[in-house]
Amino acid sequence: MDYLVSLMVFATIYTIAALSFNLLIGHAGIFSVAHAAFIEIGAYATGILTSRMIGLFPVALVLGAVVSAAVGWVFARATLRVSGDYMVVASFALLVIFGQIFTNWISVTGGGIGLASIPRPGFVDGALLGSDVLFCLMCLFIAALMYFVSHRLVYSPLGRVLRALRENQDAAASLGKFVRRFRGVVFAVSSAMAAVSGSLYAHFMSYISPLDFTVQLTVLVLTMVIVAGTGRLWTVPVASALVMGITDGVRYVDLPEQIAPGAQQVIYGLLLLLFAVLRPEGLLGRKKDEAVRAARHWRSFDEPPRTTGAVGSMAAGSLRGKGGETNNVNAAPKEMLRIDGLNKHFGGLHVIRDVSVTVERGKVTALIGPNGAGKTTLFNLVTGAVPPDGGVVTYEGRRISGLRPDQVAQAGIGRTYQDLKLFAQLTCEENVMTAFPDQPGESAAAALFARGRVQRREAEIRARTAEILAFLGLADKRNELASDLGYAEAKMLALARVLALDPQLLMLDEPCSGLGRAALDKVCSVMNELVAQGRTICLIEHNMALVRQVADRGIFLEHGSLVASGDVETLMANEGLRRRYLGLAETA
Amino acid sequence: MKPLLATSRLTVRYGGKVAVHSVDLVVAPREIVTIVGHNGAGKSSLLMALHGHVPAEGRIELDGVDITGWAPEQRLEAGLALVPQGHQVFRGLTVRENLELAGMALRRATSADLGSVFAIFPRLKERSTQRAGTLSGGEQQMLAIGMGLVVRPRILLVDEPTIGLAPALVKRVMADLSDARASRNCSVLLVEQNLTESLAIADRVYGMRRGEFVAESAASAFMQSVDMMEIM
Amino acid sequence: MDQALQLLVDGLVEGGRIALVAVGFSLIYSVTRTLHLAHGAILTVAAYLVWWVTAKLGGGLAGGFAVAAIAVVLLGVAHNDLLYRRIREASPGGFMIVVASLATGIIIQNLAGIVFGFDTKDVRTATIGQATAGLRFGPVVLPATNLITLAVTLAVFAVLGWLLMRTRTGKQMRAVQDNPQLARVVGIRTPRVYAVTFAIGSLVSMPAAFFIGLNGGLNTTIGFDAMLLALIVVFAGGIGSLMGTLLASFAVGVLQTMSLLVIDSRWQDTVTFSVLLLLVTLRPRGLLGKLA
């Protein structure tokens, strides 16, 4: 019986550790190997508090989680520009550093000898959870709580943003998401939960040492996550118990003395290898319904959403402009976006040379020029994706050069990409929903505690999303994964996504290239409608006939320099320009 | 005359998406053929499939030989060379090393081959010990084309060589390609956005849209016979 | 002052050990873009083989190194051809290669323990006996083993440099590192280059495991521990730069030993890793890195 109880306790501890690790590497897609360090911080922090200074366990637990969260948050900020392989390396370093600190700060941690005499939790002064069974019940309760928290966060707007960031960080930033904050939050939450598991371990064993928290621990928890399947939830406790059972079970097999010390590690090493090679998606296999399951949790999957306006109509007001109804073009200054002396070098190449140009409010401006002229680079400079080497970009009288992409998006500029950068593993609906600003559900606290408010806003966003999707002819693709869309539909989705931002200035990078007649007409009419609502459009296009059809003004870029700008018809009629740059000999 | 390069129902898929759909193209010996089309039409995918870098369905024949499943190095050996988009060179290596590496495909890369490239591009000879990354864009494009020519190919596939080049250099590149056909008996299959310049040197043109060939004509007749809106 | 000089020289020797592990890893990473985390475990096996052949089979040091060399090449190439290639095709761009290499590393080093025993082996006595020959430069003592370590390090780097700059294979490796897609286009057989890279990368690091064992005893984790340090040294020194790896290794070695002047020895690793972590986060490109 005792053995069973202690198994249960360990199962819950590992479950919490695996849940928190999965949050980081599965849902958020940030592969860090430092997890054992955060478990260690929790174990030592609470162990020291309760053993040296008799403190109440719950308080110590929270404090340990807070300290761990703080470390995780700082680490996340420090490694912002670092990703992929660098992250692995940096997190190894963090693991070593903390291992060394806990080993060598002997006065506080007891060093290599370890920390002993950690008391069982006392809630009221004197009453200790001496009984294993009671302790086990407490662990189950806490594990259930952690599962609940994970569940809430994963199936919330925060979870959606994290998945979007995992899919395409640049696109998410261009839609107004402040990447650094979300990285910090997910790292903090993951680290806090890891600390909780460490605390439980410390108080169950009554003794901990740095040897309990080596890279082997990270790998063991990693095995549980891989077996469960990254990005899943309910399989995590199952996989944790399974892996733990297998590796622990080895102890009870009569192995020759020569094999015994290494047996456990070989076992879970093999398990990890097997899954990594043969079944990387985990026990249950491919998770193409991850997004669909997420949508289901908002009870939204099967019922069509309530909409406020007529579906499919492009009624004015269904996409309200910022600042209310008064998009009075005559009152506002003509100049919306102003670029002054913009310069950019890449390596040794001068790719944008002293470009100064303006974009007029309420008009459609086409940015044209041959491939390699710097058009997309110019977009990147304006939207903050790339910092300029010189020059100023002003939007609505406010200087935006030097701002982050998410800040530029929040200022009112929305952009699309030539290669779309859709969130592939999210549904069409989620792609658009992610882009909406002012989502209280993107804060962890609100996702956990302010459910009502979050759900209200979600319902609002869902309704608006349905309108936007219908507006672009994607209503029936609502629950399709973005990666499953055809070429034209994908382009439409990219447009739908940026519309969710409700931007006053739309910068579209080749929205029409490769579209058939029907789709072309649709995009044109969408653009006309947007202009009718008072918005401004700047688009990069190669199709000259199309440009003449939709654009009022044109900006010619070649070799990084501004060649000409002005009224489109005038530009088109200039024979010299046409012959030199357009490659067209005749008027179409 | 037997075609030098011919494809039959060539199809390229990436996952579930069809990038090139059932394309039949033909290039004769000593012919310059241009493919035009919008961004994302599948032009680059087509060249990559012809050179063996992406799996393709259908059939590709080089001088009557079925090369459909061949690896790139085998196609190089058979005389099919590719100059990919973006004036790509080995930036950390010298000009000479770049050309040597390209020539390594031939079991016997001779200094005569390098010499012939230097003859076309004397500027490269001047800079032969310079790291390729320090060359200007135009010089890198010359080097990239040189790397294609050093193996003495029978047909050269060239992907948008004029991107980002000044007009004078564009003319230079076109002239070099035209010269390759003339002096080296090399056919050229060219993907180009710059219509005027490419039509000036091409014999025939294909128009490509959304993975399919939608137009084909002699270069001189192209502008009249094709609705550009459909292509771009 | 005398102590400082001694520490400096010892630091360079330590740097040499680090450099040997780092350069193999660095070569593999910069050419194939694979985070080959099994590198350490493979080196551990090499060290055990040297010890075993020398001490248990009486095959002599040379025989031991020969066997170890063959083993690391086989293991390294096997990892690439049998494991990594498969994962690259199945799930490119993900972290499964890291997961798999961690897994094989753990399996391999524990198998080594099972086969050779988990106790710490005294390599020094078993292989070179009580030899205490050495050189003396004024106040600085340089034992023979340290001298050899430095000599081997410099020799390895010289040979590697020659290989990369002057031989056909080396140029192809540099080309693949520079632009893998273009390499394929000009007909370089990339799979073959990868295999060769893994072979050479494993081979050049092989002596390091022995030197490390000589220095501090041989157990199942010495390779992994050495690799952890090499990992961050490579990234801090700059990917793709042989000189960067060498300089960074020497700098770290010296940092390790010289820090003893001001801190207690048990804080060495903390200081070293903290400095390197800072470097990597502040300057991701590394000291002399060519790739952003």
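Colleague: Is the crossing of H1(A) and H11(A) left-handed or right-handed?

Modeller: In this predicted model, H1(A) and H11(A) make a right-handed crossing.

Colleague: Which residues of H1(A) and H11(A) meet?

Modeller: From H1(A) come Phe10(A), Ala11(A), Tyr14(A), Thr15(A), Ala18(A), Leu19(A) and Asn22(A), and they meet Val236(A), Pro237(A), Ser240(A), Ala241(A) and Met244(A) of H11(A). Sorted by class, this contact has nine nonpolar residues, three polar ones and no charged ones.

Colleague: What makes H1(A) roughly perpendicular to H10(A)?

Modeller: Again, look at the angle. Helix H1 (residues 2–27) of chain A packs against helix H10 (residues 215–228) of chain A at about 70 degrees, and their axes are 9 Å apart. Roughly perpendicular means 65 to 115 degrees, so H1(A) is roughly perpendicular to H10(A).

Colleague: Is the crossing of H1(A) and H10(A) left-handed or right-handed?

Modeller: The crossing of H1(A) and H10(A) is right-handed. On the H1(A) side, the contact uses Tyr14(A), Ala17(A), Ala18(A), Phe21(A), Asn22(A), Ile25(A) and Gly26(A), while H10(A) brings Val221(A), Leu222(A), Met224(A), Val225(A) and Ala228(A).

Colleague: What domains does the domain assignment of chain A give?

Modeller: The assignment gives domain 1 (2–213) and domain 2 (335–582) of chain A. Their centres, taken over C-alpha atoms, are 41 Å apart.

Colleague: How many residues does the contact take from domain 1 of chain A and from domain 2 of chain A?

Modeller: Domain 1 of chain A gives 22 residues and domain 2 of chain A gives 29. On the domain 1 side, helix H6 (132–154), helix H7 (157–167), helix H8 (169–174) and helix H9 (179–205) of chain A supply at least two residues each. H7(A) gives the most, with seven residues. By class, that side has 12 nonpolar, four polar and six charged residues.

Colleague: How many residues of chain C are in contact with chain A?

Modeller: 35 residues of chain C contact 34 residues of chain A. Helices H3 (60–90), H4 (96–116), H10 (222–237) and H12 (268–282) of chain C each give two or more residues to that side. H4(C) has the largest share, 13 residues. The chain C side divides into 25 nonpolar, seven polar and three charged residues.

Colleague: How many residues of chain C are in contact with chain B?

Modeller: 14 residues of chain C touch 18 residues of chain B. Helix H7 (168–178) and helix H8 (180–185) of chain C each supply at least two, and H7(C) gives the most, with six. This side of chain C has four nonpolar, three polar and seven charged residues.

Terms used:
Residues numbered from 1 in each chain as written. Chains lettered and ligands numbered in written order. Predicted model: local features only at pLDDT ≥ 70, side-chain atom pairs only at ≥ 80, totals over all residues. Domains from an automatic or database assignment. Contact = placed C-beta atoms within 7 Å. Helix = DSSP H or I, 4+ residues; strand = E, 2+ residues; numbered from the N terminus. Nonpolar A, V, L, I, M, F, W, Y, C, P; charged D, E, K, R; others polar. Axes fitted to C-alpha atoms, helices over the stretch in contact; angles between N-to-C directions. Parallel < 35°, antiparallel > 145°, perpendicular 65-115°, else oblique. Left-handed = near helix turned anticlockwise from the far one by under 90°.
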